[in-house]
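Hello,

Here is the structure I promised to pass on to you. Have a look at it first, and then read my notes below.

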Amino acid sequence: MDTLALLGGPQVIEAPFERYNSMGEEEVAAASAVVQSGVLSKFIGGWRPDFYGGPKVNEFERQCEAYFNVRHAITVNSWTSGLIAAVGAIGIEPGDEVIVSPWTMCASATAILQWNAIPVFADIEAETFCLDPASVEANISPYTKAIMAVDIFGQSANMEAIMDIARRHNLKVICDTAQAPGAYYKGAFAGTLADIGGYSLNYHKHIHTGEGGILVTNDDTLAERMRLIRNHAEGVVGAKGTNDLANMIGFNFRLGEIECAIGIEQLKKLSRFVESRQAAAERLTAGLSGLKGLRTPVVREDATHVYYGYPMVLDVEALGVSRARIIEALRAEGLEGVAAGYVNVHLLPMYQKKIAFGNSGFPWTSDICKRDVSYDKGICPVAEQLHDESFLGFEMCLHRLTDQEVDKVVAVFQKVWANLDTLR
Ligand SMILES: *Cc1c(COP(=O)(O)O)cnc(C)c1O
C-alpha cells in the first residue's frame, strides 16, 4: 500500500488535468462573423423594433424557446441580471418576503434584496441540497410573495411540492436553474416548471458565452415585463403604452451579438456536454460506491442530474477522521476541485449585520419591513450541519474528465480510504 502523499508518499495525480472547455471551431467562426459584420449589438433603449435586440439575440432566443419548450426565452448579460429582472417582473413590493434556499450562489438572494424585498431562508433537503418543501411551508408569513427555488449542483428541486405550496398560498415561483441546464424533471426541463426560470452562461457552467444568462417563462405578461426591465423600461413604457408601471425601473441587462452567436453554437452541444458529465459522474459513482462512510449523489426519482457539481456526504463519526484532514489528504494526491461545504448565504456578513443599502440597516430597519426576520445561525440546521461538518463537493465542470482521469480520481479516494488509519 502506497504511503499517502500527505505523509511523504508518491502522488496519484502527477500532472494537472486538462481544463473543461466547451468552445470549439464553430464558436470561433460564429464570433468572428459577428465582428466582421460590424454589428456587435443592435439594442435600442426606446420603443422601436430594435428594442428587442439584433439578429443573433433573436435567433438565440427563438432557439432556446424551441430547445427548452417554452413560450419565451430572454437573453440577459448575466444570470444575476436575469434573477433581478425576474423578481422585479413578478410585481414585488418593497418589504415583501421571498423564501429562498441558503445553499446557493449568493446572487439568488441578492436579487430579492435589490428590489428592497426581504429574503427569508428555508432549509434544504439533506439528500438533494434543494429547498425542503416542508421548511418552505413553515416559513410562509402574511408577507410572503414568492419562492425562489434553486436547482443546485445539477438537479431539480422538488417542483411538484413547491408549485403546490405556491398555488395554495397564491405565491409566484422563480427557479434558479443556473447549474442544471438540460436536467429533466418529470418529463420537462428543469427551470421550465416555475413561473420564471433560467440558466447562467458564465464561464464556469456547462455551456457559456463568457458572461450571460437566459430567462425562460410561459407567461406572456411576465416575459414582456422582463424585456422592459432588461432594457431601460422607464424610457420605453410611455411610447409602448404600458399601463402597469410597478418596477418598470430599467437596467441595461442586454447580451451582445457576439455572445448570442456563440450561445447558438453552445446550445447545439448542450446535450452532448451533459451526457459527458453524466458519464463521468456515473463512472465516479461506480468507483466510489464501495467506500465506507462516503455517500455518493442521490438523484431524485423521475429526474436526471447534469452534475455541475458532484455532491458527497461524509459520515464523519463512522470514519473517525475529520473532513478537513480527509480533504488535506485528497488534495495532497494532486486532486483539484474538492471543497469542504458549500454556502450558507444567511451567514454572509450582509445578513449577519443586516447592512445592505447604506449603513443604517435598510431595508430591515425601515417600516417597509413588517417583522423581524432572523438570519441567526440555527435557522437552517440541515444546511449548516452539511456546510460545517459533512459535505464534500467535487467540481465536475472544472476539468474535461476523461475515463482515465475519472479513474485517477477514484484511485485518489481509494488510496485515502485505505490509509484512514494513518490519518486518525
Ligand atoms: C452561477 C450561478 C448564478 C449566477 O450566474 P451569473 O451568470 O454568474 O450571474 C446564480 N445562481 C447559481 C446557483 C449559480 O450557480
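Glutamate 97 has isoleucine 118 in S3 as its bridge partner. This is a predicted model, in which local features need pLDDT of at least 70 and side-chain atom pairs count only at pLDDT 80 or more, while totals for chains, interfaces and linings use all residues. Residues are numbered from 1 along each chain as its sequence is written, and side-chain values use heavy atoms, with hydrogens and water left out.

Strand S2 (residues 97-100) pairs with S3 in the parallel sense, over four bridges. Strands are DSSP runs of E with at least two residues, helices are runs of H or I with at least four, and both are numbered from the N terminus. Two strands pair if DSSP finds at least two bridges between them.

In a regular strand the side chains alternate between the two faces of the sheet. In S3 (residues 118-121), Ile118 and Val120 point one way and Pro119 and Phe121 the other, and all are buried. Buried means under 20% relative accessible area, exposed over 50%, and partly exposed in between (1.4 Å probe, protein chains only).

**The cores**

The largest nonpolar core has 76 residues, and Trp103, Phe129 and Ile147 are among those with the most contacts inside it. Such a core is a set of buried Ala, Val, Leu, Ile, Met, Phe, Trp, Tyr and Cys residues joined through side-chain atoms within 4.5 Å. Helix H3 (residues 79-89) gives the most to this core, with seven residues. Another core, of 34 residues, lies apart from it and includes Leu291 and Leu423.

**The ligand**

Which residues are around the ligand? Among them are Trp79, Asp176, Gln179, Asn202 and Lys205, where a residue counts if one of its heavy atoms lies within 4 Å. For asparagine 202, a side-chain N or O atom is 2.8 Å from a ligand oxygen. Taken alone the ligand exposes 380 Å², and the protein buries 93% of that (Shrake-Rupley method, 1.4 Å probe).

**Arginine 227**

Leaving out residues up to four places away in sequence, arginine 227 touches Phe51, Tyr52, His72 and Ile74 (contact means heavy atoms within 4.5 Å).

Enjoy exploring!

Notes:
A polar contact is a pair of N or O atoms within 3.5 Å; within protein, one must be able to donate a hydrogen and the other to accept it, and residues adjacent in sequence count only if both atoms are side-chain atoms.
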